[in-house]
Amino acid sequence: MTSFVLSIQHTIVYGLTVSCDISNDEELFMGQGDYQFEIYRLMKKENNNCWSTYNPHSNVLWLHYLAEKLLSMNYKYKAQTNQQRTLKSALKSFQAEILRYPSATEALRNCRFFQ
């Protein structure tokens, strides 16, 4: 399961900014067995291990991860309606397209999935 707590660099609690510097947490970047660990490594590479600055492409990486998870899940009911097949096909296209965008905002504005 994705640790969204670790993906948040800072948050506001009672008006104070609380930061979590993960730059020295080598174990986080050595994880195996789930695509989320590859996402952490990609984020680390893209932001040069500087987690205090905003990198909008990080959100794009997480969207790609979420699409992968949705597509690879084992669902309880295998029977698919035409609507479900259409949605799955659209999600596959989204996954193939999303990494081209520099930010989630640009993806929302331009990605075919959101049109």
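**Labels and the values behind them**

Modeller: Let me begin with a cluster in which ring pairs link Tyr35, Phe37, Tyr40, Trp62 and Tyr65; please keep in mind that this is a predicted model. In total the structure holds eight aromatic pairs.

Biologist: Why is the pair of Tyr40 and Trp62 called edge-to-face?

Modeller: The ring centres of Tyr40 and Trp62 are 5.6 Å apart and the planes stand at 85 degrees. Rings pair if their centres lie within 6.5 Å, and planes over 60 degrees apart count as edge-to-face, so the label for Tyr40 and Trp62 follows from the distance and the angle together.

Biologist: How do you know whether Tyr40 and Trp62 are buried or exposed?

Modeller: Buried means under 20% relative accessible area. Tyr40 has 1%, so it is buried, and Trp62, at 9%, therefore counts as buried too.

Biologist: What makes Trp62 and Tyr65 an aromatic pair, and of which kind?

Modeller: Trp62 and Tyr65 are 5.4 Å apart from centre to centre, with 85 degrees between the planes, and the pair is edge-to-face. The same cut-offs apply here, within 6.5 Å for the centres and over 60 degrees for the planes. Trp62 and Tyr65 are three residues apart in helix α4, which means that about one helical turn separates them. Tyr65 has a relative accessibility of 1%, and because the limit is under 20%, Tyr65 counts as buried.

Biologist: How do you know that Lys44 and Glu26 form a salt bridge?

Modeller: The nitrogen-to-oxygen distance between the side chains of Lys44 and Glu26 is 3.5 Å, and the rule asks for a distance within 4 Å, so the pair qualifies as a salt bridge. Here again distant parts of the chain are linked, with Lys44 in helix α3 and Glu26 in helix α2 (residues 26-30), 18 residues apart. By this rule the count comes to five salt bridges.

Biologist: Why are Lys44 and Glu26 called partly exposed?

Modeller: Exposed means over 50% and buried under 20%, with partly exposed in between. Lys44 has a relative accessible area of 21%, so it is partly exposed, and Glu26, with 40%, is therefore partly exposed as well.

Biologist: What makes you say that the charged end of Lys44 sits over the ring of Phe29?

Modeller: The charged end of Lys44 lies 4.5 Å from the centre of the Phe29 ring, and the distance limit is within 6 Å.

Biologist: Why is Asp34 called buried, and which residue is its salt-bridge partner?

Modeller: Asp34 has a relative accessible area of 19%, and because buried means under 20%, Asp34 is buried. Its partner is Lys69, with the closest N and O atoms 2.7 Å apart. Asp34 lies in the loop between α2 and α3, whereas Lys69 lies in helix α4, 35 residues apart. Lys69, at 31% relative accessibility, counts as partly exposed.

Biologist: What makes Glu106 and Arg109 a salt bridge, and where do they lie?

Modeller: Their side chains meet at 3.3 Å, N to O, and the limit is within 4 Å. Glu106 and Arg109 both lie in helix α6 (residues 104-110), three residues apart, about one turn of the helix. Arg109, at 55%, is over the 50% limit, so Arg109 counts as exposed, while Glu106, with 27%, is partly exposed.

Biologist: Which residues form the nonpolar patch on the surface?

Modeller: The patch is formed by Leu87, Leu108, Phe113 and Phe114, with about 380 Å² of accessible area together. Leu87, which is placed in helix α5 (residues 82-98), has 53% relative accessibility and therefore counts as exposed.

Definitions and conventions:
Residues numbered from 1 in each chain as written. Predicted model: local features only at pLDDT ≥ 70, side-chain atom pairs only at ≥ 80, totals over all residues. Heavy atoms only, no water. Phe/Tyr/Trp six-rings, centres within 6.5 Å; stacked < 30°, edge-to-face > 60°. Buried < 20%, exposed > 50% of the residue type's maximum accessible area, 1.4 Å probe, protein only. Helix = DSSP H or I, 4+ residues; strand = E, 2+ residues; numbered from the N terminus. Lys NZ or Arg CZ within 6 Å of the ring centre and 35° of its normal. Patch = residues over 30% accessible without salt bridge, like charges linked within 9 Å, V, L, I, M, F, W, Y side chains within 5 Å. Areas by Shrake-Rupley, 256 points an atom, 1.4 Å probe, with all protein chains shown as cover.
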